[in-house]
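Please read the following report beside the sequence and the model.

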Amino acid sequence: MTKYNAENERIKREYLTYLKAAKGMSEASLDAVAKALHRFESSTKFRDFRKFHVEQAVAFRRQLSEATSAATGKSLSQATLLQTLNALRAFVLWLAGQPGYRSRISYSDAEYFRLSEKDTRVAKAIRERPVPTLEQVHHVLAAMPDTTEIERRNRALIAFTLLTGIRDGALASLKLKHVDLAEGKVTQDAREVKTKFSKSFTTWFLPVGDGVRVIVDDWVAYLRDQKLWGGDDPLFPATEVVNNGESFQFESAGLSRRHWANATPVRAIFRSAFALAGLPYFNPHSFRKTLAQLGQRLCRTPEEVKAWSQNFGHDDVMTTFRSYGEVPSSRQAQIIKNLNRPGEHGLEAHEALKTLERIFRRSNL
């Protein structure tokens with residue numbers, strides 16, 4: 001059975017180059033687009049894109065709705081369907097303007113790669129996901145061993161994530177020079193740190209407990225004073241792996257002097273740490289929600305809310321509210337019940353409403 005079409009490969013490569021060079025798409029996003037295109041080609045038995053017909057799109061939508069995930073064996077989620085169809089719709093729109101295709105494909109053909117309005121609402125619905133509490137993260141840190149330098153690195157990595165809310169990609173690429181303990185800050189310089197949208201900004205250490213800060217301080221001091229590493233060395237170095245000639249097995253030999261290639265080891269460390277503490281796995285990104293909820297409790301003025309939001313690298317405070325500001329169901333119930341008790345929390349609620357009103361007014365200016 002044919003597994004590819006040479007002419008399709010050429011135009012796909014041209015499209016992916018366009019997305020990367022002109023649209024600034026990340027490698028992860030490009031991979032998702034390539035996967036969507038391959039799904040569609042498979043459904044048409046790799047028929048030439050120039051022979052596209054809307055019936056192919058209709059059949060593909062039906063097949064996609066009946067498909068199952070190779071990882072879970074369950075039906076594909078509505079969010080996956082939406083992402084796949086959106087990628088194909090954008091591709092057909094682009095293809096309709098290309099030489100050799102514009103006479104065969106119309107712009108309106110792209111509309112056949114669209115979910116119904118009902119399914120689109122389901123796909124975009126925000127689902128409440130578990131978020132670790134500060135107490136849970138403190139428990140994880142207390143349960144982690146710190147005898148070897150690998151164990152100390154792993155413990156410091158989780159402490160630093162809580163202290164800053166930094167993304168795992170940036171975490172894996174940080175250098176010692178990016179951390180200023182005296183000022184209590186980390187400079188996320190996009191020229192060297194893998195930040196989202198290649199944006200540079202400064203993150204200040206957050207009030208998450210003195211013990212967390214001590215773990216980070218001790219780790220940085222260990223790298224600088226005992227290992228005598230310099231500013232260009234990694235803050236969280238990869239593990240040095242060597243081949244044991246006697247056992248013919250690869251073994252850990254401490255820290256290497258290089259960065260991790262990606263954030264996969266970071267997530268593995270998180271998974272192991274939470275399992276050791278007897279807790280369900282929470283990924284590094286979930287800490288940003290933990291910190292956003294902490295900010296909701298601590299911040300009392302629009303200026304404080306804005307400063308907390310900037311610490312996440314957000315220009316607009318509403319980005320923080322939309323992305324991480326959902327109130328957990330348990331807390332939502334408590335708030336509503338308290339509001340139904342006249343006099344107990346009236347002043348606090350009144351001040352909170354005034355603060356939100358000022359925030360929304362400023363964000364709409």
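How do the residues of the lining of the second largest pocket divide into nonpolar, polar and charged? They divide into eight nonpolar, 10 polar and six charged, where Ala, Val, Leu, Ile, Met, Phe, Trp, Tyr, Cys and Pro count as nonpolar, Asp, Glu, Lys and Arg as charged, and the others, Gly among them, as polar.

## Basis of the report

The model is predicted, and local features therefore need pLDDT of at least 70, while side-chain atom pairs count only at pLDDT 80 or more and totals for chains, interfaces and linings use all residues. Residues are numbered from 1 along each chain as its sequence is written, and side-chain values use heavy atoms, with hydrogens and water left out.

## The second largest pocket

The second largest pocket has a volume of about 860 Å³. Of the 24 residues that line this pocket, Ser26, Ala28, Arg167, Thr195 and Lys196 are the closest to its centre. A pocket is here an open set of points, on a 1 Å grid over the protein atoms alone, with protein on both sides within 12 Å along at least five of seven lines, whereas a cavity is a set of points where a 1.4 Å probe fits but cannot get out; lining residues have an atom within 4 Å of a point. Grid points are joined across faces, edges and corners, and a volume is the space filled by probe spheres set on the points.

Helix 2 (27-43), helix 8 and helix 10 (264-276) each supply at least two residues of the lining, and helix 8 gives the most, with four residues. Helices (H or I, at least four residues) and strands (E, at least two) are DSSP runs, numbered from the N terminus.

## The enclosed cavity

The structure holds one cavity of 30 Å³ or more, and the largest cavity has a volume of about 50 Å³. Its lining consists of Phe40, Phe49, Phe52, Leu88, Phe91, Val92, Leu95, Ile105 and Phe113, which by class gives nine nonpolar, no polar and no charged residues. Helix 4 (residues 78-95) gives the most to this lining, with four residues.

## Helix 7

Helix 7 (residues 149-164) has 16 residues and reaches 22 Å from its first C-alpha to its last, close to the 22 Å expected at 1.5 Å a residue; the expected span is 1.5 Å times one less than the number of residues. Buried means under 20% relative accessible area, exposed over 50%, and partly exposed in between (1.4 Å probe, protein chains only). Just after helix 7, Gly165 takes a positive phi of about 70°.

An open sheet of three strands has the order 1-2-3, with antiparallel pairing. Strand 1 (179-180) and strand 3 (201-204) stand at the edges, each with a single partner strand, so one side of each is left without a neighbour in the sheet. Two strands pair if DSSP finds at least two bridges between them.

Strand 1 and strand 2 run antiparallel and are joined by two bridges, with Lys185 in strand 2 as the bridge partner of Asp180. These two strands form a hairpin with four residues between them, and Gly184 in the turn has a positive phi of about 70°. Strand 2 (residues 185-188) pairs with strand 3 in the antiparallel sense over four bridges, and Thr202 in strand 3 is the bridge partner of Thr187. The covered face of strand 2 carries Val186 and Gln188, and the uncovered face carries Lys185 and Thr187.

## Salt bridges

The count comes to 16 salt bridges, each being a side-chain nitrogen of Lys or Arg within 4 Å of a carboxyl oxygen of Asp or Glu. Among them, Asp232 forms a salt bridge with Lys177, the closest N and O atoms being 2.8 Å apart. This pair links distant parts of the chain, 55 residues apart, with Asp232 in the loop between helix 9 (210-226) and strand 4 (239-244) and Lys177 in the loop between helix 8 (168-173) and strand 1. Asp232 is exposed at 52% relative accessibility, and Lys177 is partly exposed at 41%.

Asp189 and Arg191 meet in a salt bridge at 2.8 Å, N to O; Asp189 is buried at 14% relative accessibility, whereas Arg191 is exposed at 74%. Asp48 forms a salt bridge with Arg50, with the closest N and O atoms 3.0 Å apart; here Asp48 is buried at 13% and Arg50 is partly exposed at 30%. Finally, Glu7, Arg10 and Glu14 are linked in a network of salt bridges.
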